[in-house]
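Read the sequence alongside the coordinates.

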Amino acid sequence: MSKALRARGFPLVLSCTIVLVLMATAGLARAAAGCAVGPPAAAKANIASLPALQWTLQGKTEDGWALYAPLVGHEIGSVCDPGSPGFAGALMRWQMSHKVGVAGVMDAATMQAMNQVWLSRRPFVAASAKACPAPPDPSRLARATPAESFGGKTIELRSGALAAYRAMAAAARRALPQLRSDPRLLTIFSGFRSPEADAARCASEGNCQGQARAICSAHRTGLALDLDLGSAPGDRIDSSDDANRLFISRSAAYRWLVWNAGRFGFQPYPFEPWHWEWTGEPP
Ligand SMILES: [Zn+2]
């Protein structure tokens, strides 16, 4: 800061803030410029495949990869638009290091390889491959406050998972003004579910979530939680319709979670953008 400004009492905090804003702006400008640099043909192919790529995720055929683009971007370390050359360049580097795919073009093999990486970060997946984890002792569960739960419903989680959720939700609200103006966003609509309650609901309502609820749901561990991230018009917040999942994937809240939830110990379940699992304790 110049002597003249200091002499006029130019506040130090304000000047530091201006420097930080300029640095952040410069960083964004550099990132935007970088998004134009990369293999243009691959970028063109990615624009075409975003809504159309046929690939298989856990036995289900997915149409396109647009709703997975935020997770892919985080994985390859790119904040660029998924149809940009910069994104294709970052994807190419990921493909080379994982020995899959071709030159920055998204394909089924790359999506499946990436999904394997995502699966490997969820301890519940490895644990349930051996035997379905037993639910925790009830004394290890803590109850969310009515303000933290969707519609004030009773939500229980392991205490460590609830503490991590609270820290994450507070950080998200500090970062995103739209979360502060809509307190319903980020509330929990499902936490711990006993195997007996899941089985009963599967039998009585036919609501088995593709048998996952009937067989072995991550919610039995008290480590999984479903967050209200909004929904497409006319859809439930937990609708697996492509339109709803795409809507959620484009929300600021989901994108913030993709880049930040890992700092709080949470990993995503890519097929259901509302479902997150805390990894701070074994299932
Ligand atoms: Zn869930």
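The paragraphs below describe a predicted model.

Numbering starts from 1 in each chain and follows the sequence as written. Because the model is predicted, local features need pLDDT of at least 70 and side-chain atom pairs count only at pLDDT 80 or more, while totals for chains, interfaces and linings use all residues.

The protein has 13 helices and eight strands; helices (H or I, at least four residues) and strands (E, at least two) are DSSP runs, numbered from the N terminus. Of its 283 residues, 34% are buried. A residue is buried if 20 or more other C-beta atoms lie within 10 Å of its own, exposed if 12 or fewer, and partly exposed in between, with C-beta atoms placed from the backbone. Two residues are in contact if their C-beta atoms, placed in that way, lie within 7 Å. Among contacts with a separation of 6 or more, 62% join residues 24 or more positions apart.

In soluble globular proteins, nonpolar side chains tend to be buried together. A nonpolar core is here a set of buried Ala, Val, Leu, Ile, Met, Phe, Trp, Tyr and Cys residues joined through C-beta atoms within 7 Å. The largest such core holds 57 residues, and the members that touch the most others are W65, L157, A161, L225 and A253. Helix 8 (residues 159–175) gives the most to this core, six residues. The core lies between domain 2 (37–120) and domain 3 (131–278), because both give residues to it; the domain bounds come from an automatic or database domain assignment. Apart from neighbours within four places in sequence, A161 is in contact with G222, L223, L225 and W278.

A253 also belongs to helix 13 (residues 252–260), where A253, Y254, W256, L257 and V258 are buried. The cover over the buried residues of helix 13 includes helix 4 (69–76), helix 8, helix 9 (177–181), helix 12 (242–249) and strand 7 (266–268).

Four strands form an open sheet in the order 5-6-8-7, with antiparallel pairing; two strands pair if DSSP finds at least two bridges between them. Strand 5 (188–190) and strand 7 are the edge strands, each pairing on one side only. On average, neighbouring strands are turned by 45° against each other, direction ignored.

Strand 6 (residues 224–227) pairs with strand 5 over two bridges in the antiparallel sense. I188 stands opposite L227, and S190 has D226 as its bridge partner. Strand 6 also pairs with strand 8 (residues 275–278), again antiparallel, over three bridges. There D226 stands opposite H275. In a regular strand the side chains alternate between the two faces of the sheet. In strand 6, A224 and D226 point one way and L225 and L227 the other way, and all are buried.

Elsewhere, helix 4 meets helix 5 (residues 85–98): their axes come within 9 Å and cross at roughly 65°. Axes are lines fitted to C-alpha atoms, for helices over the stretch in contact, and angles run from 0 to 180 degrees between N-to-C directions. The crossing is left-handed, meaning that the near helix is turned anticlockwise from the far one by less than a right angle. On the helix 4 side G73, E75 and I76 take part, and they meet F87, A90, L91 and W94 in helix 5.

A69 is also in helix 4. With 22 C-beta neighbours inside 10 Å, A69 counts as buried. Leaving out residues up to four places away in sequence, A69 touches L50 and P82. The C-alpha atoms of A69 and R255 are separated by 9.9 Å, although the two residues are 186 residues apart along the chain.

Two backbone angles remain. Most residues other than glycine have a negative phi. K99, in the loop between helix 5 and helix 6 (108–120), has a positive phi near 55°. K99 is exposed, with 7 other C-beta atoms within 10 Å. L186, in the loop between helix 9 and strand 5, has a positive phi of about 80°. L186 counts as buried, with 22 C-beta neighbours inside 10 Å.
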